[in-house]
Amino acid sequence: MTTASGCPWRLSSFRSNFATRIVGSVPLCDHASSSPRVRGTAPPGAVDVGRQTVHPRACGERPSGRGPWCAGNADELGRVEELWRALHRHHRSINPDLGPFVSDDLSWEQRRKAYDRAIATGGRVLVAERGGEVLGYVAMRPRRMAWPATFDAEAQWVDILTLVVRADMRKAGLCNRLMAAVDDFSSEIGVNAQHVGHVAGDDRAAVFYACHGFQPAWMTLLRLGAPIPSLVGADVPIETADPVEVLGVRELWLPVHRHHQVVSPELGPFVDDDTSWGVFLPIFEAAARRGLLLRAGPAAAPLGIAVLDIAVGRDDFADTWPTGNAVAEIDVMAVRADARGRGIGKALLAAAGRLLEARGVSDCCVGAIAGNAGAIRLFSSAGFRPAWAEMVRWTPGSRLKSSGMPQARTW
(Lines give C-alpha, C1' and ligand atoms only; values in the text may rest on other atoms or scores of the structure.)
Protein backbone atom coordinates (compact mmCIF):
# COMPACT_ATOMS: atom_id res chain seq x y z
CA MET A 1 0.00 0.00 0.00
CA THR A 2 1.02 3.69 -0.32
CA THR A 3 -0.23 6.99 1.13
CA ALA A 4 -2.39 9.71 -0.28
CA SER A 5 -2.57 13.43 -0.58
CA GLY A 6 -3.28 16.42 -2.45
CA CYS A 7 -6.20 17.98 -4.04
CA PRO A 8 -9.05 17.68 -6.43
CA TRP A 9 -9.43 14.08 -7.58
CA ARG A 10 -12.13 11.82 -8.98
CA LEU A 11 -12.95 8.12 -8.86
CA SER A 12 -13.18 5.99 -11.97
CA SER A 13 -14.61 2.49 -11.74
CA PHE A 14 -13.84 -0.34 -14.16
CA ARG A 15 -16.79 -2.70 -14.18
CA SER A 16 -17.86 -5.36 -16.68
CA ASN A 17 -17.09 -3.97 -20.17
CA PHE A 18 -17.36 -0.35 -19.13
CA ALA A 19 -16.14 1.94 -16.40
CA THR A 20 -17.89 4.16 -13.92
CA ARG A 21 -16.56 7.65 -13.50
CA ILE A 22 -17.49 10.30 -11.02
CA VAL A 23 -16.66 13.43 -12.97
CA GLY A 24 -15.80 16.84 -11.63
CA SER A 25 -13.45 18.23 -9.04
CA VAL A 26 -13.65 16.51 -5.66
CA PRO A 27 -11.82 18.48 -2.94
CA LEU A 28 -10.06 16.45 -0.29
CA CYS A 29 -9.43 17.57 3.24
CA ASP A 30 -7.73 20.86 3.96
CA HIS A 31 -5.14 19.37 6.31
CA ALA A 32 -3.09 16.23 6.50
CA SER A 33 -4.38 12.92 7.86
CA SER A 34 -8.06 13.74 8.05
CA SER A 35 -10.29 11.78 5.71
CA PRO A 36 -12.80 13.41 3.35
CA ARG A 37 -16.33 13.36 4.70
CA VAL A 38 -19.41 12.45 2.74
CA ARG A 39 -22.24 14.51 4.11
CA GLY A 40 -25.54 16.08 3.20
CA THR A 41 -28.22 14.71 0.91
CA ALA A 42 -27.48 14.48 -2.79
CA PRO A 43 -30.10 14.19 -5.53
CA PRO A 44 -30.58 10.74 -7.14
CA GLY A 45 -27.58 9.76 -9.20
CA ALA A 46 -25.31 12.38 -7.64
CA VAL A 47 -22.45 12.05 -5.20
CA ASP A 48 -22.04 14.57 -2.39
CA VAL A 49 -18.38 14.74 -1.37
CA GLY A 50 -17.05 17.40 0.95
CA ARG A 51 -18.38 20.78 -0.06
CA GLN A 52 -19.37 19.89 -3.62
CA THR A 53 -22.11 17.78 -5.19
CA VAL A 54 -20.74 15.90 -8.19
CA HIS A 55 -23.10 14.48 -10.76
CA PRO A 56 -22.05 11.24 -12.45
CA ARG A 57 -22.35 10.89 -16.19
CA ALA A 58 -24.82 8.08 -16.76
CA CYS A 59 -24.24 5.40 -19.39
CA GLY A 60 -27.21 5.31 -21.74
CA GLU A 61 -29.45 7.06 -19.24
CA ARG A 62 -30.52 10.55 -18.30
CA PRO A 63 -28.10 12.29 -15.89
CA SER A 64 -30.60 11.76 -13.06
CA GLY A 65 -30.67 7.99 -13.59
CA ARG A 66 -29.30 5.53 -11.05
CA GLY A 67 -27.85 3.07 -13.55
CA PRO A 68 -24.20 2.30 -14.28
CA TRP A 69 -21.90 5.31 -14.57
CA CYS A 70 -19.41 4.83 -17.34
CA ALA A 71 -16.41 6.17 -19.17
CA GLY A 72 -14.10 3.84 -21.03
CA ASN A 73 -13.74 0.09 -20.49
CA ALA A 74 -11.63 -2.48 -18.70
CA ASP A 75 -8.73 -1.84 -21.09
CA GLU A 76 -8.07 1.26 -19.00
CA LEU A 77 -6.69 -1.01 -16.28
CA GLY A 78 -3.28 -0.45 -17.81
CA ARG A 79 -3.36 2.99 -16.22
CA VAL A 80 -2.75 1.48 -12.77
CA GLU A 81 0.24 -0.60 -13.86
CA GLU A 82 2.92 1.70 -12.45
CA LEU A 83 1.23 1.84 -9.06
CA TRP A 84 1.12 -1.95 -8.90
CA ARG A 85 4.78 -2.20 -9.90
CA ALA A 86 5.67 0.22 -7.10
CA LEU A 87 3.69 -1.88 -4.64
CA HIS A 88 5.45 -5.05 -5.79
CA ARG A 89 8.80 -3.37 -5.18
CA HIS A 90 7.54 -2.33 -1.75
CA HIS A 91 6.71 -5.96 -0.97
CA ARG A 92 10.29 -6.93 -1.78
CA SER A 93 11.69 -4.19 0.44
CA ILE A 94 9.40 -4.99 3.39
CA ASN A 95 10.58 -8.56 3.76
CA PRO A 96 13.49 -9.42 1.44
CA ASP A 97 14.00 -12.75 3.20
CA LEU A 98 10.82 -13.97 1.51
CA GLY A 99 12.59 -13.91 -1.86
CA PRO A 100 13.11 -14.85 -4.54
CA PHE A 101 10.38 -12.67 -6.02
CA VAL A 102 9.05 -12.60 -9.56
CA SER A 103 10.10 -9.78 -11.87
CA ASP A 104 8.08 -6.57 -12.11
CA ASP A 105 6.91 -7.53 -15.60
CA LEU A 106 5.64 -10.95 -14.55
CA SER A 107 4.10 -9.51 -11.39
CA TRP A 108 2.00 -7.05 -13.37
CA GLU A 109 1.05 -9.67 -15.95
CA GLN A 110 -0.32 -11.93 -13.22
CA ARG A 111 -1.98 -9.13 -11.26
CA ARG A 112 -3.66 -7.80 -14.41
CA LYS A 113 -5.15 -11.27 -14.98
CA ALA A 114 -6.51 -11.20 -11.43
CA TYR A 115 -8.17 -7.82 -12.08
CA ASP A 116 -9.67 -9.06 -15.35
CA ARG A 117 -11.11 -12.09 -13.54
CA ALA A 118 -12.43 -9.89 -10.75
CA ILE A 119 -14.21 -7.54 -13.14
CA ALA A 120 -15.66 -10.47 -15.10
CA THR A 121 -17.17 -11.88 -11.89
CA GLY A 122 -18.76 -8.71 -10.56
CA GLY A 123 -15.73 -7.00 -9.04
CA ARG A 124 -14.63 -3.42 -9.48
CA VAL A 125 -11.49 -1.32 -9.74
CA LEU A 126 -11.88 2.27 -8.53
CA VAL A 127 -9.20 4.72 -9.64
CA ALA A 128 -8.59 8.08 -7.99
CA GLU A 129 -7.31 10.57 -10.52
CA ARG A 130 -6.66 14.27 -10.89
CA GLY A 131 -6.27 15.91 -14.26
CA GLY A 132 -5.94 12.50 -15.88
CA GLU A 133 -3.15 11.54 -13.47
CA VAL A 134 -3.70 8.35 -11.43
CA LEU A 135 -3.20 8.96 -7.70
CA GLY A 136 -4.34 5.61 -6.31
CA TYR A 137 -6.80 2.77 -6.72
CA VAL A 138 -8.65 -0.02 -4.99
CA ALA A 139 -9.50 -3.37 -6.62
CA MET A 140 -12.15 -5.59 -5.04
CA ARG A 141 -14.41 -8.50 -5.85
CA PRO A 142 -17.18 -10.58 -4.31
CA ARG A 143 -15.92 -14.02 -3.33
CA ARG A 144 -16.95 -17.02 -1.27
CA MET A 145 -15.78 -16.85 2.34
CA ALA A 146 -12.60 -18.95 2.60
CA TRP A 147 -13.03 -20.59 6.03
CA PRO A 148 -16.56 -22.06 6.31
CA ALA A 149 -15.25 -24.80 8.63
CA THR A 150 -14.23 -22.15 11.15
CA PHE A 151 -16.24 -18.92 11.06
CA ASP A 152 -20.00 -18.55 11.31
CA ALA A 153 -20.09 -15.72 8.78
CA GLU A 154 -22.07 -15.09 5.62
CA ALA A 155 -21.10 -17.23 2.66
CA GLN A 156 -19.76 -14.31 0.62
CA TRP A 157 -17.39 -11.46 1.39
CA VAL A 158 -15.79 -8.55 -0.44
CA ASP A 159 -12.16 -9.39 -1.11
CA ILE A 160 -9.90 -6.31 -1.32
CA LEU A 161 -7.30 -7.33 -3.90
CA THR A 162 -5.30 -4.09 -3.85
CA LEU A 163 -5.51 -0.74 -2.09
CA VAL A 164 -2.67 1.60 -2.97
CA VAL A 165 -2.02 5.35 -3.24
CA ARG A 166 0.94 6.97 -4.93
CA ALA A 167 3.97 7.35 -2.66
CA ASP A 168 4.29 11.10 -3.12
CA MET A 169 0.62 11.73 -2.34
CA ARG A 170 0.66 11.28 1.41
CA LYS A 171 -1.44 12.54 4.27
CA ALA A 172 -4.49 13.75 2.35
CA GLY A 173 -7.00 11.06 3.35
CA LEU A 174 -7.34 9.60 -0.14
CA CYS A 175 -6.75 6.10 1.19
CA ASN A 176 -9.56 6.49 3.69
CA ARG A 177 -11.81 7.59 0.84
CA LEU A 178 -10.93 4.45 -1.12
CA MET A 179 -11.70 2.38 1.96
CA ALA A 180 -15.08 4.12 2.18
CA ALA A 181 -15.64 3.13 -1.46
CA VAL A 182 -15.13 -0.50 -0.42
CA ASP A 183 -17.95 -0.04 2.10
CA ASP A 184 -20.15 1.49 -0.60
CA PHE A 185 -19.48 -1.45 -2.90
CA SER A 186 -20.25 -3.90 -0.09
CA SER A 187 -23.53 -2.14 0.59
CA GLU A 188 -24.41 -2.07 -3.09
CA ILE A 189 -24.08 -5.84 -3.51
CA GLY A 190 -25.53 -6.64 -0.08
CA VAL A 191 -22.41 -8.17 1.50
CA ASN A 192 -21.19 -7.38 5.03
CA ALA A 193 -17.96 -9.35 5.50
CA GLN A 194 -14.71 -7.99 4.07
CA HIS A 195 -11.27 -9.54 3.68
CA VAL A 196 -7.81 -8.21 2.86
CA GLY A 197 -4.25 -9.54 2.88
CA HIS A 198 -0.80 -7.98 3.11
CA VAL A 199 2.79 -9.18 3.06
CA ALA A 200 3.90 -10.44 6.46
CA GLY A 201 5.95 -7.79 8.21
CA ASP A 202 4.11 -4.83 6.69
CA ASP A 203 3.16 -3.46 10.08
CA ARG A 204 1.94 -0.11 8.76
CA ALA A 205 -0.52 -1.84 6.45
CA ALA A 206 -1.76 -3.86 9.42
CA VAL A 207 -2.24 -0.68 11.46
CA PHE A 208 -4.16 1.00 8.64
CA TYR A 209 -6.61 -1.88 8.30
CA ALA A 210 -6.90 -2.26 12.06
CA CYS A 211 -7.93 1.40 12.25
CA HIS A 212 -10.76 0.47 9.92
CA GLY A 213 -11.94 -2.41 12.09
CA PHE A 214 -10.12 -5.35 10.47
CA GLN A 215 -8.69 -8.08 12.69
CA PRO A 216 -5.79 -10.49 11.98
CA ALA A 217 -7.38 -13.79 11.00
CA TRP A 218 -4.95 -16.07 9.18
CA MET A 219 -1.25 -16.42 8.45
CA THR A 220 -0.09 -18.23 5.32
CA LEU A 221 3.43 -19.63 5.49
CA LEU A 222 5.42 -20.66 2.42
CA ARG A 223 8.25 -23.04 1.68
CA LEU A 224 9.13 -22.63 -1.97
CA GLY A 225 11.68 -24.37 -4.15
CA ALA A 226 12.87 -26.90 -1.58
CA PRO A 227 11.38 -30.02 0.00
CA ILE A 228 10.28 -30.06 3.62
CA PRO A 229 13.32 -31.29 5.62
CA SER A 230 13.41 -34.53 7.59
CA LEU A 231 12.83 -33.20 11.08
CA VAL A 232 13.73 -35.16 14.18
CA GLY A 233 10.37 -36.27 15.48
CA ALA A 234 8.75 -39.15 17.28
CA ASP A 235 9.64 -42.67 16.29
CA VAL A 236 6.10 -43.51 15.27
CA PRO A 237 4.86 -45.18 12.08
CA ILE A 238 3.40 -42.73 9.52
CA GLU A 239 1.20 -44.27 6.83
CA THR A 240 -1.24 -43.09 4.20
CA ALA A 241 -4.76 -43.65 5.51
CA ASP A 242 -7.46 -45.47 3.59
CA PRO A 243 -10.76 -43.69 2.81
CA VAL A 244 -12.57 -46.04 5.20
CA GLU A 245 -10.60 -44.53 8.07
CA VAL A 246 -11.81 -40.97 7.55
CA LEU A 247 -14.77 -41.08 9.92
CA GLY A 248 -12.41 -42.21 12.66
CA VAL A 249 -10.39 -38.98 12.54
CA ARG A 250 -13.34 -36.73 13.43
CA GLU A 251 -12.15 -36.52 17.02
CA LEU A 252 -8.73 -35.40 15.85
CA TRP A 253 -10.12 -32.46 13.87
CA LEU A 254 -12.66 -31.15 16.37
CA PRO A 255 -10.10 -30.30 19.11
CA VAL A 256 -8.31 -28.18 16.50
CA HIS A 257 -11.56 -26.35 15.75
CA ARG A 258 -12.15 -25.76 19.46
CA HIS A 259 -8.55 -24.62 19.91
CA HIS A 260 -9.12 -21.94 17.23
CA GLN A 261 -11.93 -20.56 19.36
CA VAL A 262 -9.67 -20.44 22.43
CA VAL A 263 -6.68 -18.71 20.79
CA SER A 264 -8.68 -16.26 18.64
CA PRO A 265 -12.03 -15.67 20.39
CA GLU A 266 -12.26 -12.14 18.93
CA LEU A 267 -12.77 -13.64 15.46
CA GLY A 268 -16.05 -15.31 16.42
CA PRO A 269 -18.74 -16.30 15.99
CA PHE A 270 -17.54 -19.80 15.09
CA VAL A 271 -19.50 -22.64 13.54
CA ASP A 272 -20.52 -25.56 15.72
CA ASP A 273 -18.65 -28.87 15.70
CA ASP A 274 -21.07 -30.66 13.35
CA THR A 275 -20.92 -27.88 10.78
CA SER A 276 -17.14 -27.76 10.94
CA TRP A 277 -16.80 -31.49 10.48
CA GLY A 278 -19.36 -31.44 7.67
CA VAL A 279 -17.17 -29.01 5.74
CA PHE A 280 -13.97 -30.98 6.24
CA LEU A 281 -15.32 -34.52 5.78
CA PRO A 282 -15.35 -34.40 1.94
CA ILE A 283 -11.91 -32.74 1.98
CA PHE A 284 -10.52 -35.57 4.12
CA GLU A 285 -12.20 -38.17 1.90
CA ALA A 286 -10.78 -36.63 -1.28
CA ALA A 287 -7.29 -36.50 0.27
CA ALA A 288 -7.50 -40.16 1.30
CA ARG A 289 -8.53 -41.20 -2.23
CA ARG A 290 -5.48 -39.38 -3.62
CA GLY A 291 -3.08 -40.87 -1.05
CA LEU A 292 -2.67 -37.49 0.65
CA LEU A 293 -4.03 -38.28 4.11
CA LEU A 294 -1.23 -39.25 6.49
CA ARG A 295 -1.88 -41.01 9.78
CA ALA A 296 0.49 -41.33 12.72
CA GLY A 297 0.06 -44.48 14.79
CA PRO A 298 -2.40 -47.34 14.31
CA ALA A 299 -5.60 -46.97 12.29
CA ALA A 300 -7.68 -48.10 15.27
CA ALA A 301 -6.30 -45.31 17.49
CA PRO A 302 -4.56 -42.64 15.39
CA LEU A 303 -2.25 -40.25 17.21
CA GLY A 304 -2.28 -37.57 14.55
CA ILE A 305 -3.09 -36.74 10.94
CA ALA A 306 -1.85 -34.50 8.14
CA VAL A 307 -4.18 -33.69 5.26
CA LEU A 308 -2.48 -32.51 2.07
CA ASP A 309 -3.62 -31.15 -1.25
CA ILE A 310 -1.69 -30.72 -4.51
CA ALA A 311 -3.07 -28.16 -6.95
CA VAL A 312 -1.86 -27.85 -10.54
CA GLY A 313 -1.88 -24.40 -12.08
CA ARG A 314 -2.44 -22.60 -8.81
CA ASP A 315 -1.59 -18.94 -9.39
CA ASP A 316 -2.53 -17.07 -6.21
CA PHE A 317 1.16 -16.49 -5.39
CA ALA A 318 2.24 -15.90 -8.99
CA ASP A 319 2.27 -12.09 -8.85
CA THR A 320 4.76 -12.11 -5.98
CA TRP A 321 6.67 -15.40 -5.72
CA PRO A 322 7.79 -17.90 -8.37
CA THR A 323 6.29 -21.37 -7.99
CA GLY A 324 6.24 -24.57 -9.98
CA ASN A 325 3.21 -25.79 -11.87
CA ALA A 326 2.12 -27.84 -8.83
CA VAL A 327 1.81 -26.32 -5.36
CA ALA A 328 1.01 -28.37 -2.27
CA GLU A 329 -0.93 -27.19 0.75
CA ILE A 330 -1.14 -28.71 4.20
CA ASP A 331 -4.86 -28.32 4.85
CA VAL A 332 -4.89 -29.79 8.35
CA MET A 333 -2.38 -31.06 10.88
CA ALA A 334 -3.71 -32.41 14.15
CA VAL A 335 -2.23 -34.40 17.03
CA ARG A 336 -4.27 -36.08 19.76
CA ALA A 337 -4.20 -34.13 23.01
CA ASP A 338 -2.63 -36.91 25.07
CA ALA A 339 0.08 -37.43 22.44
CA ARG A 340 1.32 -33.86 22.14
CA GLY A 341 4.87 -32.89 23.06
CA ARG A 342 6.32 -36.14 21.70
CA GLY A 343 7.38 -34.84 18.26
CA ILE A 344 4.48 -36.37 16.34
CA GLY A 345 3.79 -33.09 14.54
CA LYS A 346 7.40 -32.98 13.33
CA ALA A 347 7.20 -36.63 12.26
CA LEU A 348 4.06 -35.86 10.22
CA LEU A 349 5.73 -32.83 8.62
CA ALA A 350 8.78 -34.92 7.67
CA ALA A 351 6.54 -37.61 6.19
CA ALA A 352 4.63 -34.97 4.24
CA GLY A 353 7.94 -33.72 2.87
CA ARG A 354 8.93 -37.21 1.69
CA LEU A 355 5.54 -37.75 0.07
CA LEU A 356 5.67 -34.44 -1.81
CA GLU A 357 9.28 -34.99 -2.89
CA ALA A 358 8.31 -38.39 -4.30
CA ARG A 359 5.62 -36.66 -6.36
CA GLY A 360 7.99 -34.00 -7.63
CA VAL A 361 6.42 -31.11 -5.68
CA SER A 362 8.85 -28.66 -4.06
CA ASP A 363 6.50 -25.74 -3.29
CA CYS A 364 4.22 -25.93 -0.28
CA CYS A 365 2.07 -23.58 1.80
CA VAL A 366 0.24 -23.92 5.08
CA GLY A 367 -2.17 -21.69 6.95
CA ALA A 368 -2.70 -21.09 10.66
CA ILE A 369 -5.29 -19.04 12.46
CA ALA A 370 -3.60 -15.81 13.55
CA GLY A 371 -3.60 -16.61 17.27
CA ASN A 372 -2.13 -20.11 16.93
CA ALA A 373 1.47 -19.25 17.81
CA GLY A 374 2.36 -22.90 18.50
CA ALA A 375 1.41 -24.03 15.00
CA ILE A 376 3.29 -21.12 13.44
CA ARG A 377 6.41 -22.07 15.45
CA LEU A 378 6.12 -25.71 14.32
CA PHE A 379 5.88 -24.82 10.64
CA SER A 380 8.65 -22.26 10.97
CA SER A 381 10.92 -24.97 12.38
CA ALA A 382 10.47 -26.81 9.08
CA GLY A 383 11.55 -23.80 7.04
CA PHE A 384 8.13 -22.34 6.31
CA ARG A 385 8.20 -18.55 6.36
CA PRO A 386 5.27 -16.34 7.38
CA ALA A 387 4.45 -14.69 4.05
CA TRP A 388 0.88 -13.44 3.81
CA ALA A 389 -1.23 -12.07 6.65
CA GLU A 390 -5.00 -12.02 6.15
CA MET A 391 -7.45 -9.78 8.00
CA VAL A 392 -11.25 -9.73 8.18
CA ARG A 393 -14.06 -7.61 9.44
CA TRP A 394 -17.56 -9.03 9.58
CA THR A 395 -19.34 -5.65 9.51
CA PRO A 396 -18.25 -2.85 7.15
CA GLY A 397 -18.29 0.86 7.83
CA SER A 398 -16.07 1.00 10.93
CA ARG A 399 -14.19 4.13 9.90
CA LEU A 400 -12.02 6.43 11.96
CA LYS A 401 -14.18 8.32 14.44
CA SER A 402 -11.78 10.58 16.31
CA SER A 403 -8.41 12.21 16.00
CA GLY A 404 -7.37 10.29 19.10
CA MET A 405 -7.02 7.09 17.06
CA PRO A 406 -3.89 6.34 15.04
CA GLN A 407 -4.45 8.07 11.74
CA ALA A 408 -5.07 5.72 8.83
CA ARG A 409 -2.65 5.91 5.95
CA THR A 410 -1.78 3.81 2.95
CA TRP A 411 1.68 2.63 2.09
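A residue is called buried when its relative accessible area is under 20%, exposed when it is over 50%, and partly exposed in between, with a 1.4 Å probe and protein chains only. Helices (H or I, at least four residues) and strands (E, at least two) are DSSP runs, numbered from the N terminus. The model is predicted, so local features need pLDDT of at least 70 and side-chain atom pairs count only at pLDDT 80 or more, while totals for chains, interfaces and linings use all residues. Residues are numbered from 1 along each chain as its sequence is written, and side-chain values use heavy atoms, with hydrogens and water left out.

Helix α1 covers residues 81–94. The buried residues of α1 are L83, W84, R85, L87, H88, H90 and H91. Their cover includes α2, β6 (133–144), β7 (156–165), β8 (194–199) and α4, where contact means heavy atoms within 4.5 Å. The end C-alpha atoms of α1 are 20 Å apart, which agrees with the 20 Å that its 14 residues should span at 1.5 Å a residue; the expected span is 1.5 Å times one less than the number of residues.

Two packed helices are described by the angle between their axes and the distance between the axes. Axes are lines fitted to C-alpha atoms, for helices over the stretch in contact, and angles run from 0 to 180 degrees between N-to-C directions. The axes of α1 and α2 (residues 104–120) come within 10 Å and cross at roughly 120°. That makes α1 oblique to α2, since angles under 35 degrees count as roughly parallel, over 145 as roughly antiparallel, 65 to 115 as roughly perpendicular and the rest as oblique. On the α1 side, E81, W84, R85, H88, R89 and R92 meet D104, D105, S107, W108, R111 and Y115 of α2. By class, this contact of α1 with α2 has three nonpolar, two polar and seven charged residues. Ala, Val, Leu, Ile, Met, Phe, Trp, Tyr, Cys and Pro count as nonpolar, Asp, Glu, Lys and Arg as charged, and the others, Gly among them, as polar.

A second pair is α7 (residues 344–358) with α8 (residues 373–381), whose axes come within 10 Å and cross at roughly 45°. That makes α7 oblique to α8. Here G345, K346 and L349 in α7 meet L378, F379 and S381 in α8, a contact with three nonpolar, two polar and one charged residues.

H212 lies in the loop between α4 (203–211) and β9 (215–223). Its relative accessibility is 1%, so H212 counts as buried. The C-alpha atoms of H212 and M179 are separated by 8.2 Å, with the two residues 33 apart along the chain.
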